[in-house]
Amino acid sequence: MASPLTQDARPSFQPKIVSLYESLFKDEDEDAEKSEGFWTEFFLLKPHPPGLVAQIAPLSPDDLLHLQPVTRQLFERNVAAFKAGHSPQDEVALDTLQVFLREVLKKRFTNFSSDVISLLTGLNSVDAVFTDFVAGLEGYIRNGRSVVIRRKAIQVALGIACGAFQTGLLSYFTHKDLFPAIMKFINDADTANLTYEPFVLLGILANYNKFEFQNPYQLRLDDFVNEAAIKRIIYEVGMTCILCRADYVAIQDDLPEGWSLNTMLSYVGLTILAGSGSKSRTPPPSAVNGDISKLNFADFPNARAAILLATYDFANANKLFCHNFVNYQENDPKVEPPICAYLSFTSYLLHHAHRSDRSTLYARLNLLVLRIILEDQGLCKRLVSDETKGFVRILLTALLDMVTDGLNHNLRKKLDVELYISLVGVLMRSISFLIKTRTRLPYHWSELWRCILTLIRFMASYSADLKDLPHLPTLLDMVVNLIALSLSAGDAFLPGASEYDDIFYKLVEAGDVLVKFRDSYNLAKRPSNSIATLISVSEHYYQLIEENRGRSGRKNLTPQQVAEVIKSGYETLNMDGLEGGVERGLDRWEKYRESDERAFLKKVARMVVEDEKVIERTERGSLALRSTTLSPGRKLQNAELSSPGIQIR
């Protein structure tokens, strides 16, 4: 028998604030000012972001412009509410502004700057309202009554800085200097675990029209000397690099496996004695939310890599920052130092640079930082020092590995010439420093020479595709002169005679390639390179090897015999082209000037702004996410941070 009872649908309830949103945006009389009672109730109710988004998101830019009286009321009332400093109205206002500004600023207006001003304040009121707005944010960031509300002020400032980056609205952030408030936020003990957002905000503000006028944030970075805050920032950079690197490892774990008896038995073929085998390793914590299996390398780096722009600006402006960057490490030697994490993450960026423009831009940005460090002899000495207990590898050897990997993995017909100029420039500065200080660096130099000659072979083979690329002549000269410099001064930085002989041996092997390379690009007609020297050395030794082969009656000489020929060949080698490589300026390089990278840095700044918008849409609003993953407030476990040196991809 059927039951006479029926189940009615459960009634749905919506927060009271949602009805106020609807009243605000759908009132038939748009021009009418809402009553004081309306706004009093509005700021006593907890905001409901989905409800506010539901009112704004469906509107087209033109529809939204027709609601200017409404949007102006909403913005100006919220600014007045948080400026008044009463609880809970101020916190409600900040929450509302964060959602409202994000939704408005992502619209595609025809005249973005003027349309946004019309929506928020109108031209007549923009100075007064935005001056109050920025001053209010500065006050909350500096001395807000709680960590939560101070962080919300940072997030609102970051949202407007990203959303209005290419408008005149950011000029109000240069009129009211937020730098002291931001640094106080970073340096305070109770906000120690929230360094990421204020530092990224600082980087975006420092890049606003910095080539068009004297940006005050750039000047502040130059003068900053608070080492405690600098170390906190450097720690955050290291943590972010570790987490962004973990995304790559989560897809393909290429961490070197530690030694064990089982792995040794398996290696020599005695798997049956190795028992159940080694346990699978727990992957390091990933910076990505959600299922990593749905992503691929082209989706990386994670948007949190936006911190690298602020890192560049600080490194370029402040020598104290650079000094701490290459020296700072935790007291626990098992924790990976920030500079090691930075080099390691850069190696992943370089390895996958060909997969996306974002990878390429971030990789080149980090190479600029390394170039700045390498142009400071005091910092270079640190890179070749093995005094620090926490560094298992000499830093410069890790850097050379990173560059070698980048050279090997980005060869393609549409060669990224500017990336390769950056890579070879880092090599040139590294070897130049070693020569000047006569530092004999233990390193697998043979692999480096093989890598450079592979690049020459590639360019010789695909000259038809490459010869018209912009800036290619610069790259050609740099590569040739780097080898010539290493030939002329190899005894100053190579560990022994065998490593020096190996350069000559590699040139003999590449003799035909060098000739083809010279002819393909008409290098003989340009005095700015030393290709004639390289070919002369190659031909000299090739002739000696042929003569020895004829006398011995053998078709091929053994490697030992070739080595003996190279050693004996020094006596008859014409040294005119080799001697004085340093005196002839082969080791000279132009000191870094930011204006030379103007177009590139503007492109990076726009990319960083877009990455921060991604973070705002997908992650911001979860306090736990930042406070537990990207900050010194929560130390990652040693198993997550420790590294067998510097992990270079």
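Predicted model: local features only at pLDDT ≥ 70, side-chain atom pairs only at ≥ 80, totals over all residues.

User: What makes helix 16 largely enclosed by the rest of the structure?

Analyst: The count decides this one. Helix 16 spans residues 307–317, and ten of its eleven residues are buried, so the rest of the structure largely encloses this helix.

User: Why is Glu103 called buried?

Analyst: The cut-off for buried is under 20% relative accessible area. Glu103 has a value of 2%, so Glu103 counts as buried. You will find Glu103 in helix 6, which covers residues 89–105.

User: Which residues is Glu103 in contact with, leaving aside its neighbours within four places in sequence?

Analyst: Those are Val53, Ile56 and Ala57. Contact here calls for heavy atoms within 4.5 Å.

User: What makes the link between the side chains of Glu103 and Lys106 a polar contact?

Analyst: A polar contact needs a pair of N or O atoms within 3.5 Å. The side chains of Glu103 and Lys106 are joined at 3.4 Å, so the distance meets that limit. Glu103 also has a polar contact with the side chain of Arg102, at 3.5 Å.

User: And what share of the residues in the chain is buried?

Analyst: Buried residues make up 54% of the chain's 649 residues. As for its elements, the chain has 32 helices and zero strands.

Methods. Residues numbered from 1 in each chain as written. Heavy atoms only, no water. Helix = DSSP H or I, 4+ residues; strand = E, 2+ residues; numbered from the N terminus. Buried < 20%, exposed > 50% of the residue type's maximum accessible area, 1.4 Å probe, protein only. Polar contact = N/O pair within 3.5 Å; in protein donor to acceptor, adjacent residues only side chain to side chain.
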